[in-house]
Amino acid sequence: MPVSKLPNRWVIAFAAILIQICCGAVYSWSVFVKPLLALESWTLIQVSATFTITLACIGIGALAGGLWQDRSGPRLVISIAGLLYGLGYFLASTAISHRSLAGLYTGYGVLGGIAIGMAYICPVATVTKWFPDKRGLMIGATVMGYGAGAVIISPIAARLIIRVGVPATFEIFAIAFVVVIVLAAQIHVVPPADWRPARMTETHVSRSAAKIDFTVMQAIRTWRFWLLWLMLSLNTSAGIMIISQASPLAQQQAGMTVLQASAAVGLISIFNAIGRVFWAWVSDFAGRSRVYFTLFAIQVFLFFFLPRVHEALLFEVVVCSIALCYGGGFAVLPAFAADFFGSKYIGGIYGWIILAMWAVAAIPSPMLIARVRETTGTYEYAIYVIGVVMLLSLPLPILAGRVAARGPVAQALQSA
């Protein structure tokens with residue numbers, strides 16, 4: 001494709017953010033919980049299982065979408081993801097109207113989760129290719145949309161539920177998400193293999209960035225792949241344990257009211273989004289490994305300090321700082337993986353990391369901390385355990401940094 005006919009990469013980035021906002025609506029699920037309990041005879045555990053199923057299927061969708069877009073390009077995959085997303089919401093609406101819990105699981109959980117994973121991974125992979133000179137910053141800006149989805153969608157959903165009810169709200173979102181995602185998908189194309197931004201120099205690229213592209217299987221066969229997976233899994237487990245229990249934790253430990261705790265949850269979502277773009281931007285000039293070490297080190301202090309905090313304002317500062325680190329880990333890791341393995345097959349490579357991370361870390365973690373609270377009557381023990389895990393994790397980014405400094409590409413290929 002002639003350079004004059006190439007799309008504007010900033011327009012692609014804007015479209016990617018719109019897609020991520022739609023995907024991030026999954027974090028507004030809590031808005032639907034009480035209305036569903038009021039409408040049906042379902043239990044809290046039954047309704048909450050919908051969100052767990054969705055999280056499990058996001059990993060499946062990310063892997064499938066990443067591998068598929070590496071072969072067929074992002075436009076087709078994102079378009080199909082948008083249609084599946086809308087279909088999932090329509091099915092969920094019908095299921096609620098017909099009192100079908102299985103239909104809700106299938107629509108919102110399975111179809112919705114797979115669609116989110118497919119739609120999430122493709123913009124990340126595409127932006128990685130278009131911004132080799134601003135890789136961390138632009139990936140961070142893209143996934144910030146995912147983190148901000150709940151902030152934008154939750155109040156809209158709450159107002160719609162009051163006015164038209166839950167089934168109609170799902171239908172409205174179904175139409176809106178299909179339109180936005182499918183239209184934004186049409187802008188998503190990958191640049192030519194030899195394309196570089198104008199005025200780009202080597203100083204704009206991470207010093208550890210790969211000069212060649214690993215295939216998915218070459219990457220998976222290296223221990224560097226599993227090192228990155230472990231770093232993301234540990235950071236995600238730590239953050240999501242607190243985020244998943246933020247409201248009851250705030251009420252129990254800081255004495256907040258239900259409304260105050262709800263406001264704190266909204267603030268956590270904002271810092272989650274800010275952390276994605278801030279830490280990714282910092283990683284462009286400070287280095288990915290240094291940023292990850294900083295994230296772990298900050299959380300060591302925060303998790304050992306949190307059980308001692310009983311004042312509302314200080315509590316919010318601590319949990320928002322944890323959310324800042326949680327979001328940062330998600331944003332820095334794709335750039336880290338692209339530095340190590342190249343950007344050509346990053347969709348499939350990062351898809352495998354996401355699948356393994358959700359299955360092993362992110363899904364069990366919320367249930368684990370809830371179980372500890374139920375058994376002991378306090379969150380304190382679980383929080384201290386997270387602090388110890390973060391402390392033991394500190395050598396991992398140092399190891400990753402040394403690998404990068406020695407030239408990870410040639411060495412990794414030799415071990416693949």
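The model is predicted. It contains five salt bridges, and a network of such bridges links Arg135, Asp284, Arg288 and Asp339. Helix α1 (residues 9–23) packs with its axis within 7 Å of that of helix α6 (residues 135–164) and within 9 Å of that of helix α5 (residues 101–130).

**Salt-bridge network**

- Arg288 pairs with Asp284, and their closest N and O atoms are 2.9 Å apart.
- Arg288 also forms a salt bridge with Asp339, at an N to O distance of 2.6 Å.
- Asp339 belongs to helix α13 (residues 312–341) and Arg288 to helix α12 (residues 288–305), so this pair ties together parts 51 residues apart in sequence.
- Arg288 is buried, because its relative accessible area of 5% falls under the 20% cut-off.
- Asp339 is likewise buried, at 0% relative accessibility.
- Asp284 is partly exposed, with a relative accessible area of 30%.
- Arg135 is a further member of the network that includes Asp284, Arg288 and Asp339.

**Salt bridge between sequence neighbours**

- Asp133 and Lys134 are joined through their side chains by a salt bridge of 3.2 Å, N to O.
- Asp133 counts as buried, with a relative accessibility of 11%.
- Lys134 has a relative accessible area of 28% and is partly exposed.

**Helix α1 against helix α6**

- A pair of packed helices is described by the angle between the axes and the distance between them.
- The axes of α1 and α6 cross at roughly 35° and come within 7 Å of each other.
- This crossing of α1 and α6 is right-handed.
- On the α1 side the contact is made by Trp10, Ala13, Ala16, Ile17, Gln20, Ile21 and Cys23.
- On the α6 side the contact is made by Met138, Ala141, Thr142, Gly145, Tyr146, Gly149, Ile152 and Ile153.
- The residues of the α1 and α6 contact comprise 11 nonpolar, four polar and no charged.

**Helix α1 against helix α5**

- The axes of α1 and α5 come within 9 Å and cross at roughly 160°.
- The two helices α1 and α5 are therefore roughly antiparallel to each other, because angles over 145 degrees are classed that way.
- The crossing of α1 with α5 is left-handed.
- α1 contributes Arg9, Ile12, Ala13, Ala16, Ile19, Gln20 and Cys23 to this contact.
- α5 contributes Ile116, Ala119, Tyr120, Pro123, Val124, Thr126, Val127 and Trp130.
- By class, the contact of α1 with α5 has 12 nonpolar, two polar and one charged residues.
- Ala13, Ala16, Gln20 and Cys23 of α1 take part in the contact with α6 and also meet α5.

**Ser289**

- Ser289 is found in helix α12, the helix that also holds Arg288.
- Ser289 is buried, because its relative accessible area of 18% is under the 20% cut-off.
- Apart from neighbours within four places in sequence, Ser289 is in contact with Phe336, Pro397, Ala400 and Gly401.

Note on methods: Residues numbered from 1 in each chain as written. Predicted model: local features only at pLDDT ≥ 70, side-chain atom pairs only at ≥ 80, totals over all residues. Heavy atoms only, no water. Salt bridge = Lys/Arg side-chain N within 4 Å of Asp/Glu carboxyl O. Buried < 20%, exposed > 50% of the residue type's maximum accessible area, 1.4 Å probe, protein only. Helix = DSSP H or I, 4+ residues; strand = E, 2+ residues; numbered from the N terminus. Axes fitted to C-alpha atoms, helices over the stretch in contact; angles between N-to-C directions. Left-handed = near helix turned anticlockwise from the far one by under 90°. Contact = heavy atoms within 4.5 Å. Nonpolar A, V, L, I, M, F, W, Y, C, P; charged D, E, K, R; others polar. Parallel < 35°, antiparallel > 145°, perpendicular 65-115°, else oblique.
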